[in-house]
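Please keep the sequence and the model at hand while reading.

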Amino acid sequence: MAKIRYIGNKEEKSDNVAGTGLVWLGNGDVQEVDNPAAVAKLLRHPDVWELVEGEAVPVVQPEAKPVEPDDDDQSQFNVKPDLNSMDKAAMLDFAKTHYQLSIPKNTSEAKIRSTIIERMNRG
């Protein structure tokens, strides 16, 4: 668990990058985040959130690389992610992790989603 401080200027700031559901009530408010991956995502935005001094940054284990299926095993190809439930940061991470796509951060969510779907349909 890590304590994360909101350092932006809004009166209320909802987590819109890591999916924690947390809400900070103005500049200086501190919330406890128990998911190391969520902490890492929040700290990628140093102009919005910061780790409270004295807190250790949780270690995030890298995601395992996809295992190549046996020629007979086609089951994993039938699984499609729910892109509509992902926020922009999650879709960018998904595109990079699963398809080695480097999509610019200023691309709209709709364009990111369609780019991923297009790549998924190519197989």
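Buried means under 20% relative accessible area, exposed means over 50%, and partly exposed lies in between (1.4 Å probe, protein chains only). The model is predicted, so that local features need pLDDT of at least 70 and side-chain atom pairs count only at pLDDT 80 or more, while totals for chains, interfaces and linings use all residues. Residues are numbered from 1 along each chain as its sequence is written, and side-chain values use heavy atoms, with hydrogens and water left out.

**Salt bridges**

- The structure holds three salt bridges, each defined by a side-chain nitrogen of Lys or Arg within 4 Å of a carboxyl oxygen of Asp or Glu.
- Arg-5 and Glu-50 pair through their side chains at 2.7 Å, N to O, and this pair links distant parts of the chain, 45 residues apart, from strand E1 (residues 2-6) to strand E5 (residues 49-51); strands are DSSP runs of at least two residues and helices (H or I) of at least four, numbered from the N terminus.
- Asp-93 and Arg-44 form a salt bridge at 3.3 Å, N to O.
- Glu-109 and Arg-113 form a salt bridge at 3.8 Å, N to O, and both lie in helix H3 (residues 109-122), four residues apart.

**Exposure of the partners**

- Arg-44 counts as exposed because its relative accessibility is 51%, whereas Asp-93, at 29%, counts as partly exposed.
- Arg-113 counts as buried because its relative accessibility is 18%, whereas Glu-109, at 37%, counts as partly exposed.
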